[in-house]
Structures are given as C-alpha cells and as structure tokens.
Amino acid sequence: MRIIKRIITFILSFIATLTILAIILIQVFSSTVLSKSYIMEQFDKTDYYNKVSELVEQNFENYIQQSGLEEDVIKDIVTKDEVREDTNTIIGNIYYGLGEDISTAEIEKKLQANIDKSLKGRSLSTEEKAAIEDFVEHIGKEYEDTILHTSYEKQIGNVLKRVIEYKDMGQKVLVVILGASLILMLCINRRRVYKAFSAIGVSLLSSGVIFVVINMYVNLKVKLNTITLLNDVISTNIRNVLQDVFGRIMSYGIGLSVVGILLIIVSNLIHNMKKYGLNDEEE
C-alpha cells in the first residue's frame with residue numbers, strides 16, 4: 001500500500017511539474033509578446049518612433065541620389081506622430097486582425113510640394129514629370145516597407161487570435177489539472193500531509209530548475225543581445241523583448257526553486273520530528 005501511494009504521488013508530482021511549467025510559460029507570453037499594450041510600451045521605452053523616423057529619412061536618401069533632386073525635398077515629410085499612428089494601425093492589424101491600410105497620401109503630398117518648391121516654376125518635359133511621379137511613388141512604398149506594413153498583417157492577426165483563444169482555454173484546463181493533482185496528493189497522504197507538501201515542493205523545485213536551465217542554455221547558445229533582424233531599430237526591440245521574456249522565466253525559476261526547497265526542508269523536518277521525536281509509526 002505504501003509503495004502504491006508513493007508511485008501515485010510521484011506521478012501526480014510529475015503532472016504538477018509539467019502543468020506548473022505550462023501555466024507560467026502561458027502567463028509570461030500572455031503578458032509580453034501576446035499583449036499589444038506591452039509591445040507598444042516597448043516601443044516607447046526604446047524611442048522607436050523617433051528612430052524609425054530617422055531610418056525612413058535615411059532610406060529616402062538612397063532614392064534622392066538617383067533622382068537628381070535636391071536633398072531638401074525629403075526633409076520633414078514624415079513626422080514622429082505619423083509613424084506612431086501608422087505603427088499603432090499595423091500592430092492593431094496584427095493583434096486584432098483589423099486589416100486597416102496605411103495611407104501615404106499625406107507624405108506624397110508633402111514631397112510633391114517640396115519638389116515643386118525646389119523646381120521654382122521650371123518647366124518639365126514629359127519624361128521628367130514621369131520620373132518625378134515614379135520617385136514620389138517609390139518614396140511612399142519605401143515608407144511602407146520601412147515601418148513594416150505588409151499584406152500579411154491580417155493573416156498574422158488571424159493566427160494570433162487563434163493562439164490567444166487556445167491559450168485562454170488551455171490555461172483554464174491546466175489550472176484544473178494542477179488543482180486536481182494537488183488535491184489528490186493531499187488526499188492520498190492525508191495521514192501524513194507533510195509528505196504531500198514535500199511532493200509539491202519537489203514539483204516546484206523541478207519546475208524552477210528547468211526554467212533556470214532553459215534561461216542559461218538560451219543565453220549561452222543563442223546570445224540574445226546579438227540577434228539582428230530586418231534593421232537595427234526592429235532588432236533592438238526584438239532583443240529587449242526576448243531578454244525580458246527570458247528574464248521573467250529566470251525570475252520564476254529562482255522563485256519556484258526557493259519555495260520548493262523550503263517546502264521540502266520543512267516537510268522533512270516535520271517527518272523527522274514525528275519519526276524520532278514523537279516515535280510515530282510509519283505507514
């Protein structure tokens with residue numbers, strides 16, 4: 001009977017470990033990469049909008065050299081507020097599947113006004129007019145590319161919506177499984193409740209150690225602070241988000257390990273006190 005209890009307790013402790021890992025991972029990702037408000041906060045922290053505005057202007061300069069126009073024509077045609085508004089639309093498309101489009105009409109209008117001003121009323125040939133129209137169109141497209149506005153936003157949003165729906169449902173199921181595992185451990189060891197708490201401590205410690213190992217492995221092998229993707233501005237934000245995610249995982253790992261160790265120690269102390277101090281019989 002005692003062996004059967006131990007086997008069942010071990011199995012329940014293993015299940016509890018897996019569910020604790022899953023619940024915390026869901027919690028971490030829910031409060032970070034799956035949260036629109038979190039992403040927007042990261043943009044504010046990294047001065048994303050100013051940096052994107054500067055990057056947009058730098059990319060415009062690649063076209064101005066080919067057009068033969070003066071560099072002043074691309075100055076101040078994109079503002080930080082426009083980048084912020086358009087970025088908010090893009091993130092909304094991704095997180096809510098809105099499918100809203102970005103308008104470059106205002107940018108093209110400002111650019112055309114600057115070009116007209118620089119030409120000072122000079123007459124243009126048909127070819128020159130066509131070249132300028134092409135230039136204005138390229139600038140608008142370059143702006144969309146730089147702020148990462150693509151036709152895939154709605155599709156990504158639909159996938160993300162499903163992930164969030166499954167995440168919410170999965171989290172509820174996992175909480176029920178964890179609760180049931182803990183209650184069963186307590187019921188099975190009702191005459192020696194400290195044994196149940198020792199098993200719970202093992203689950204917490206195991207979960208914590210796994211989180212710590214994952215964090216150490218990722219930082220050692222992947223080197224989060226060197227990740228580069230698309231451009232420097234996006235790379236900085238991706239690195240910050242990943243470092244925050246794994247930093248949270250590490251914090252949970254340390255916290256779970258400490259609580260698990262304390263539960264195991266206290267449970268063993270109670271066991272020894274009962275066994276050697278009160279001379280209780282073992283089941």
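A residue is called partly exposed when its relative accessible area lies between the buried range, under 20%, and the exposed range, over 50%. The views below come from a predicted model.

**View 1. A nonpolar surface patch that includes Ile 11.** Ile 11 belongs to helix α1, which covers residues 2–30. Its relative accessibility is 43%, so Ile 11 counts as partly exposed.

**View 2. Asp 47 in the loop between α2 and α3.** Helix α2 covers 36–45 and helix α3 covers 48–67, and Asp 47 is found in the loop between them. Asp 47 is not a glycine, yet it has a positive phi of about 55 degrees. Asp 47 counts as partly exposed because its relative accessibility is 33%.

**View 3. Asp 76 in the loop between α3 and α4.** Phi of Asp 76 is positive, near 60 degrees, in a residue other than glycine. With a relative accessibility of 66%, Asp 76 counts as exposed, because the cut-off for that class is over 50%.

**View 4. Ile 254 and Gly 208.** Ile 254 is part of helix α9, which runs through residues 232–277. In sequence, Ile 254 and Gly 208 are 46 residues apart; in space, their C-alpha atoms are 6.0 Å apart. Ile 254 has a relative accessibility of 44% and therefore counts as partly exposed.

Notes
Residues are numbered from 1 along each chain as its sequence is written. This is a predicted model: local features need pLDDT of at least 70, side-chain atom pairs count only at pLDDT 80 or more; totals for chains, interfaces and linings use all residues. Side-chain values use heavy atoms; hydrogens and water are left out. Patches are made of residues with over 30% relative accessible area and no salt bridge: like charges are joined within 9 Å, nonpolar side chains (Val, Leu, Ile, Met, Phe, Trp, Tyr) within 5 Å. Accessible areas come from the Shrake-Rupley method with a 1.4 Å probe; for residues, only the protein chains shown count as cover. A salt bridge is a side-chain nitrogen of Lys or Arg within 4 Å of a carboxyl oxygen of Asp or Glu. Helices (H or I, at least four residues) and strands (E, at least two) are DSSP runs, numbered from the N terminus. Buried means under 20% relative accessible area, exposed over 50%, partly exposed in between (1.4 Å probe, protein chains only).
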